[in-house]
Amino acid sequence: MDLVTPTPLPTLHEQVRDVKLRLRGAMNGVVSQSMREKGLGYKVNFGVEVPRLREIAAELPHTAALAGALWKEDIRECRILAGLLQPVEAFPADLADLWVEQMRFAEEAEYTVLHLFSRLPYASQKVFEWVAREEPLFQLCGWLLLGRLLSRGMQPAGRDLQELTDQAQSAVGGSEYAVRLAASKALVRLEELSEPPACSCCTGNSSRG
């Protein structure tokens with residue numbers, strides 16, 4: 001009886017190469033050029049739209065190793081895919097901070113918040129930390145994340161609600177358009193929660209941990 005030799009699993013390098021081949025096959029040159037003209041200055045931008053990236057992600061291994069390798073690439077689609085592939089349970093809080101530090105564009109902040117940060121068990125804690133930072137992309141991630149959590153039922157009240165409201169009112173007067181927009185949207189929801197009667201405790205996902 002002949003023994004069947006198991007097919008070796010692809011190495012991380014091979015997985016990344018496979019991702020790039022998939023992206024090249026889905027490339028949209030018109031969209032890529034438009035993004036470059038709007039200032040998205042990645043080393044490589046395939047112009048692949050996000051719905052297609054989600055389809056590609058569904059066919060890939062969801063591992064921290066692959067997500068981390070893709071995040072290190074200066075390729076727009078790899079950065080977005082990283083947030084789609086990263087397992088929540090293998091993403092500590094200090095790594096979340098590092099990813100935000102390494103962000104360059106509002107788009108990757110938006111999709112990383114949507115696909116990854118909003119699913120983290122410590123997401124509400126990061127809201128309070130990030131909106132208080134001076135760096136625009138930290139603030140942007142904080143306000144985008146707060147918006148996602150509020151839409152999912154987070155209900156800050158009392159001191160937490162007042163703190164977030166004060167921070168949002170300050171942010172809407174800032175110089176960064178993306179931060180102003182995200183903060184203004186969050187402020188609308190916060191002001192709705194400020195209307196009486198208000199509970200003195202936080203419910204849902206509003207605990208700072």
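The structure is a predicted model, in which local features require a pLDDT of at least 70 and side-chain atom pairs count only at pLDDT 80 or more, whereas totals for chains, interfaces and linings use all residues. Residues are numbered from 1 along each chain as its sequence is written, and side-chain values use heavy atoms, with hydrogens and water left out. The protein chain contains 11 helices and 0 strands, where helices (H or I, at least four residues) and strands (E, at least two) are DSSP runs numbered from the N terminus.

**Confidence and overall fold**

- The average pLDDT (the predictor's confidence in each residue, from 0 to 100) is 91 for the protein chain, and 89% of the residues score at least 70.
- Residues 198-205 have a pLDDT below 50, and this stretch has 13 contacts (heavy atoms within 4.5 Å) in the model beyond near neighbours in sequence.
- Of the 209 residues in the protein chain, 44% are buried; buried means under 20% relative accessible area, exposed over 50%, and partly exposed in between, with a 1.4 Å probe and protein chains only.
- Among contacts between residues at least 6 apart in sequence, 71% join residues at least 24 apart.

**Aromatic pairs and cluster**

- A search of the whole structure finds 6 aromatic pairs. Rings of Phe, Tyr and Trp (its six-membered ring) pair if their centres lie within 6.5 Å; planes under 30 degrees apart count as stacked, over 60 as edge-to-face and the rest as tilted.
- F91 and F117 form a tilted pair, with 6.2 Å from centre to centre and 35° between the planes.
- This pair links distant parts of the chain, 26 residues apart: F91 lies in the loop between α5 (76-85) and α6 (93-101), and F117 in the loop between α7 (106-115) and α8 (123-131).
- Both F91 and F117 are buried.
- W130 and F138 form an edge-to-face pair, because their ring centres are 6.3 Å apart and their planes stand at 65°.
- W130 is buried at a relative accessible area of 1%, and F138 is buried at 3%.
- One aromatic cluster is formed by W71, F91, W99, F117, W130 and F138.

**Charges over rings**

- R133 lies over the face of F138, at 3.8 Å from the ring centre; the criterion is NZ of Lys or CZ of Arg within 6 Å of the ring centre and within 35 degrees of the ring normal.
- R104 lies over the face of Y42, at 5.8 Å from the ring centre.

**Packing of α7 and α9**

- The axes of α7 and helix α9 (residues 136-151) come within 9 Å and cross at roughly 35°. Axes are lines fitted to C-alpha atoms, for helices over the stretch in contact, and angles run from 0 to 180 degrees between N-to-C directions.
- The crossing of α7 and α9 is right-handed, the near helix being turned clockwise from the far one by less than a right angle.
- In α7, A106, A109, E110, V113 and L114 meet L137, L140, C141, L144, L145 and R148 in α9.

- G41 is found in the loop between α2 (29-37) and α3 (50-58), and its 42% relative accessibility makes G41 partly exposed.
- G41 touches R104 and F105, not counting residues up to four places away in sequence.
- G41 and I75 are 34 residues apart in sequence and 9.5 Å apart in space, C-alpha to C-alpha.
- T11 is found in the segment before α1 (12-25) and counts as partly exposed at 41% relative accessibility.
- T11 and L66 are 55 residues apart in sequence and 9.9 Å apart in space, C-alpha to C-alpha.
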